[in-house]
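Please keep the structure open while reading.

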Amino acid sequence: MALPIYASTTQRVWHYSYLTICGLIFFFLIAPILVIIPLSFNAQNFFTFTPEMLRFDPAGYSLKHYNDFFTNSDWQLAMKNSLKIAPVATLISVSLGTLAAIGLSQSHVPGRRAIMATLISPMIVPLIISATGMYFFYSNPYIPIPFYGKLYLPFTLTGEYWGVVLAHAALGIPFVIITVTATLVGFDKSLTRASAMMGAGPVRTFFRVQMPLIMPGVISGALFAFITSFDEVVVVLFVGSAQNKTLPWQMFIGLREQISPTILAAATILITVSVILLLVVELLRRRSERLRGMSPG
Amino acid sequence: MKLTKVLMATSALTVGAGAAFADGHMASDMTIVSWGGAYQNSQLKAYVEPYLEANPDVNIVWDESSAEAVAKLRAMSETGNITWDLVDVEAADSMRLCDEGLAMEVDYDQLAEGNDGSSAEDDFGDSIVSDCFIPQIVFSTTVGYRSDMVGDTPPESICAIFDTEMYPGKRALNKRPLANMEWALLCDGVAKDDIYDVMATEEGQEQAFAKLDTIKDDVIWWTAAAETPQLLADGEIVMGSTYNGRLFSAIAEQDQPIGMLWDAQMLDFDGWVIPEDLPEDRLARVMDFLYFATDTQRLADQAAYISYGPARASSAPLVGKHAELGIEMAPHMPTDPANSKNVFVTQYDFWADYRDDLDAKFQAWLAN
Amino acid sequence: MTDTTSQSGPMLAADGTPLKKSLHRAQRRQKVRALMLIAPLLLFILVTFIAPIFDMLLRSVENDIVPDTLPRTVVALQDWDNASGEAPDEETFRAFYTDFALAEEQKAHTRLGSRLNFEMSGISSVFRSTGRDVGKFDTDYYTDQFVDADEVYEDPVQWSEWMADDGVASALPQTADAYAGWVKVLNEEGDDPLDEDIPDFVYTALYHDLAAGANPPVLPSVDVSGWDDISLKEQFIDSNEDWADPDIWATIKAFSGPYTAGYFANSIDLQSTPEGFAQRDEDERIYIKLFIRTMVMSLAITGMCILLGYPIAYLLSHLPARKANLLMILVLLPFWTSLLVRTSAWKVLLQNQGVINDILVWIGIVSDDNRLALINNANGTIIAMTHILLPFMILPLFSVMKTINPSYVRAAKSMGANDWTAFWRVYFPNSVPGIGAGSILVFILSIGYYITPELVGGVDGVFISNRIAYHISSSLNWGLAAALGSILLVLVLGLYYVYDRVVGIDNVKLGG
């Protein structure tokens, strides 16, 4: 992207204005995040930059919203629930998703395209449709049996912990499928054949040969699935209940019903966590490239 | 027939509750539905925290969904999965829920007597607007304005909402017909006593919408009562409707440059309803809580946190000073004589019958 | 002969089976194994995701509530001519009285009123107000008359014995029917019919049976010939004059089947009239407008994403890997930050007294009393959603641009093309697949958006999804929500199909 030394003036002007435009777009991308962080230290109970804050007067800043986040039982409950729901949902999507991705990567899978389309659909179907469908169906779940009708199951999932977990697992699956199949595309099939020739069974081959190589894809799929559950609000609002409210639920309420800057404190904490997760993904990616013997670049 | 049913239900309930008390089979979890914000905080401080102190094994979860209570309870009953235990609603909504069999009919003898020995039913008096309603407070929907944006002539009449020449700028109104339509007709020259008769007719409804049309472009529609104080604090609007307690909090506690109107404010009640068909142990817990939370002292305590009048007659003399600021609360109540020179009493039964109709019309009007 | 056959026959595998067959079997085994690996997930998705969606879509045509709540009225109305301009006859009102009284007992009349109000505004209040009156109708006159004639008519135990008698039941069809309906309601509520007073409408039915000349065995005989005949039609009209309005009855009749096309008609701004479906009044048409708005705004958002995403993707694909990866974090960070957080940040930034307006006023681009309206309208939705969906444009663009061989552009330049021509004629056409992939993805995601328009869209920046949510959680018009949802789903799946054909689902990329 460097400018050649022989560049003309027009090229120079064009080049630097292009870089400025890119800079502005990057600013557009992170401006909302930048605005959240200082506001979360607001000493007032409103979402506004106060004159004190603009003067950098220490009196305009406080940690009270963080304090509220960590002491308020509603926020703590939400935090706890999020941490209880997201990992389990992730585990389900990752384990089922990885198996299916491996199955899909074999040659001659009948109806591959249709299966793939079905498995990716939770990402594509508008959330409001998924959420309302799940809300009704999970209230009185049934198994449709041809020529018999509906066999109702003797339990309900709406408002229950497992309802939210299953719903989130379904929403996380496309991400796992996408990332794992992407790593499998680069997977050298002769490795499994070699392993089979040397006498390893399919299970052993999977854990000793395939798994380590697709691990980066699995982990990044898992992170996506985790963040999907951790950040999901529409389905939780419908399928969940106040007892198993998650952080996004509490934030949504915070935005709509009681405008409290505590959500900004919560947001800042979440942003910090996101940055850490992103760095983890980047490190994993580098590791994967090293493993596969590709040079970075 | 109705009576026998009520009696039977009551006796079943008393027996059930009695047995539950004896065995200690009260559920330990309770989901309370309320309005969020300053109001929910007053409930928390006045009786939820004291109750939890006395019952440390109880776990209370809040759900800030009162604005959608009717819809959600209908959905819950339809799907047969009731996750709420106690719901805070307005008078008209309690009537609708009662009419639809979604809320339980209450036996007032199970509630605490007034501290003057009167029965709960007498103590609550007229505020019991339906058989399912356990009143808590009297509140009013009124208008707050940004005092630094109205020049030297702060508004004195509710019709300032419609006066965009005198008071240019955005105004925030509730995204539902209630209050807006009454004010529209009032400011369009309909006499106060005739408003609900006019509103029952098609022409009257059109008249109200026509009046609202004149300010449609200047309105930000809110769905949560906390939005108006936020918008006023940000200077986003020049005036907006909300509940008088929210304005009090913004003015007195948050020190914002906000003034409020006491003109044609819509007087209304707010209180608890219990969803129909609660399991016995959860019902027992709810009744135990309600006995405590709606007694004379607790209702008076609530007034120390927010400027709403207690629904019990016996609580009124106990209303004292603000819990933190130490100012007298009585003059800030919607029931104070100085504030109630020109009140507008909401006709709950009209709204119970017409809410579906007018909601649909209002939403169609908004979308066009 | 046999020798040659064996030689020209199929090649054999080590175990003696023909090789072709063996290969086939191996391939089949592989297929089965692949399917076994996929099956658990497929099943999981079918049960937790696909089934719920189908279940919901069925609600768009279901209409059980009318025939279930008013079974007798629905039958009686079949003979009524809705073009007659008059309310139905007394007989229909009798059937309606029994239905309505039973419904009121279960408090189902309010729900039915709400349901019919979706089709004809105003019905709900009619049902509700009459619900309060129906227990106070003058029909208690019949009750008193029967009990005066013989006290045994007051005894619920006696009644249950009478009604168990086949002879009585067939002689008194209306009475038996009303009584059976009442017992059913009591049983559902857990009450014992032997302890409850017989309601007025059962006595009313008994009167009508006897007046029609029935001669039941067992029951003490009562001569009803001199009794007053109370018109139920008048009773209803006294309670609410709208019961005389034939339109209400036409609506009930039009929606008396267990399935209805009414919700779909509603969702494209049609309404049912006695002459069939017709377009709604100009000021009541909202859904087609909303669908169009959703599409137009999604297009605008997609356009903005291309405009902002292209330079960034170009920059990233031309930087050395380390720098690109660092900048990529800036792209991904918003992607990984809670949607709600970003939306609330836009609230703070965009409002009238917000950061952006403050800066613009400070620079002097806009005057203080002329601040831009950037939120609570379509602008707010477009800005906030462009921001939210931008990474979905940048990532596919980036992965396509990575594959464009830089020597093409060099070759063009060496042949005399200037920078612009080289870019526009050579580079850009090569990047079009990336634009296509990103655009479809962004468009698909944006037409289904709900949360962001809800929070920053005000009244004219909301999408069809917000309307669906409103009908699900506020107006409880689930049928209409399902119909609108079906239309939206068809749109999305259509685009999804195009995406699959053009780009291939396997080629969706997330991250580098």
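Among contacts in chain C between residues at least 6 apart in sequence, what percentage join residues at least 24 apart? The figure is 70%. The model is a predicted one, and the values below are computed from it.

## Chain C: overall form

Chain C contains 25 helices and two strands. Its radius of gyration is 36 Å, whereas the globule rule gives 24 Å for 512 residues; the chain is therefore more spread out than a compact globule. The C-alpha trace extends over about 115 × 105 × 40 Å along its principal axes. Of the 512 residues of chain C, 44% count as buried.

The domain assignment for chain C lists domain 1 (2-58), domain 2 (69-283) and domain 3 (287-507). Between the C-alpha centres of domain 1 and domain 3 of chain C there are 42 Å.

## One residue in chain C

C:Tyr496 belongs to helix α25 of chain C, which covers residues 478-502. Is C:Tyr496 buried or exposed? It counts as buried, because it has 21 C-beta neighbours inside 10 Å, and the cut-off for a buried residue is 20 or more.

Leaving aside residues up to four places away in sequence, C:Tyr496 touches C:Ile444 and A:Ile124. One of these partners is in chain C and the other is in chain A. C:Leu441 is 55 residues from C:Tyr496 along the chain, and the C-alpha atoms of these two residues are separated by 8.4 Å.

## Where chain A meets chain C

In the interface between these chains, 80 residues of chain A are in contact with 73 residues of chain C. The largest share comes from α1(A), with 15 residues.

What kinds of residue make up the side of chain A that touches chain C? They divide into 63 nonpolar, 14 polar and three charged residues.

## Chain B: overall form

Chain B has 13 helices and eleven strands. The radius of gyration of chain B is 21 Å, close to the 21 Å that the globule rule gives for 368 residues, so chain B is as compact as a globular protein of that length. Its C-alpha trace spans about 65 × 50 × 35 Å along the principal axes. Buried residues come to 54% of the 368 residues in chain B. Of the contacts in chain B with a separation of 6 or more, 75% are between residues 24 or more positions apart.

## The two domains of chain B

Chain B is divided into domain 1 (2-138 + 269-324) and domain 2 (141-267 + 340-367). The C-alpha centres of these domains lie 29 Å apart. Where they touch, 16 residues of domain 1 are in contact with 15 residues of domain 2.

On the domain 1 side, α2 and α4 (91-99) of chain B are the elements that give two or more residues. α4(B) provides the largest share, five residues. That side divides into eleven nonpolar, three polar and two charged residues.

Helix α8 of chain B runs over residues 202-213. At 1.5 Å a residue, its twelve residues should span 16 Å, and this agrees with the 16 Å between its end C-alpha atoms.

Which residues of α8(B) are buried? They are B:Gln205, B:Ala208, B:Phe209, B:Lys211 and B:Leu212. Seen down the helix axis, these buried residues fall within an arc of 155 degrees, so they line one face of α8(B). They pack against α6 (180-187), α7 (195-199) and α13 (348-367) of chain B. The face turned away from the buried side carries the exposed residues B:Glu202, B:Glu203, B:Glu206, B:Ala210 and B:Asp213.

## Where chain B meets chain A

Here 21 residues of chain B are in contact with 20 residues of chain A. Each of β1 (29-33), α2 (37-54), β2 (59-63) and α9 (227-234) of chain B supplies at least two residues to the side that touches chain A. The largest share, four residues, comes from α9(B). The side of chain B that touches chain A divides into five nonpolar, eleven polar and five charged residues.

Key:
Residues numbered from 1 in each chain as written. Chains lettered and ligands numbered in written order. Predicted model: local features only at pLDDT ≥ 70, side-chain atom pairs only at ≥ 80, totals over all residues. Contact = placed C-beta atoms within 7 Å. Nonpolar A, V, L, I, M, F, W, Y, C, P; charged D, E, K, R; others polar. Domains from an automatic or database assignment. Expected span 1.5 Å × (residues − 1). Buried ≥ 20, exposed ≤ 12 C-beta atoms within 10 Å, placed from the backbone. Arc of directions from axis to C-beta. Rg over C-alpha atoms; globule rule 2.2 N^0.38 Å.
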